[in-house]
Amino acid sequence: MSDALDGKCTPREIIRNYFLKDFYKDHCSTYQKRPIYWMLDFGKKNGFKCLIYMHRYQPDLLVRVRTNYVHEQQERYRTQLAHLEEAVAQVDISQRVKLNKQIKKLNDQLAETITFGEKIHHLAEQMIAIGLRDKRDRFRHLYH
């Protein structure tokens, strides 16, 4: 798949970047603005993005996303920040500038995920149900 995408990175990075930047736009175009995947995305720093396959949606999905993924991502950011902050004290000035940029980016992403977690907390508690089959049956004429 990575061969079909333009890029000068490793195949893994090419595919990751595609999913981060272009997949959802392509998917919406393919499904004519009625996507079967929905993207949870908050902010421009790519702190957290998540694709949801709507046919597997359950009312507790946002609870699971928040606790299993958003909170875990926050911990990963905190761990990376701790390692980088330790490293800053041990490197020369030229390396310190590079590490400080990484620290700023991670702090921004962490802040983004914290805000996102707070915003979906309210929705998660509501345990919102989506009746995809009911909707499909009611709007069957749109699919044929």
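Six salt bridges turn up in this predicted model, where a salt bridge is a side-chain nitrogen of Lys or Arg within 4 Å of a carboxyl oxygen of Asp or Glu. Side chains of opposite charge can pair when their charged atoms come close. A bit of bookkeeping: residues are numbered from 1 along each chain as its sequence is written, and side-chain values use heavy atoms, with hydrogens and water left out. Since the model is predicted, local features need pLDDT of at least 70 and side-chain atom pairs count only at pLDDT 80 or more, while totals for chains, interfaces and linings use all residues.

Start with Asp41 and Lys49, whose side chains form a salt bridge at 3.7 Å, N to O. Asp41 is partly exposed, with 36% relative accessibility, and Lys49 is also partly exposed, at 25% (buried means under 20% relative accessible area, exposed over 50%, partly exposed in between, using a 1.4 Å probe and protein chains only).

Now look at Lys45, which pairs with Asp108 at 3.8 Å, N to O. Helices (H or I, at least four residues) and strands (E, at least two) are DSSP runs, numbered from the N terminus. Lys45 is partly exposed at 42%, as is Asp108 at 22%.

Asp108 has another partner in Lys104, with the closest N and O atoms 3.0 Å apart. These two lie about one helical turn apart, because they are four residues apart in helix α4. Through shared partners, Lys45, Lys104 and Asp108 join into one network.
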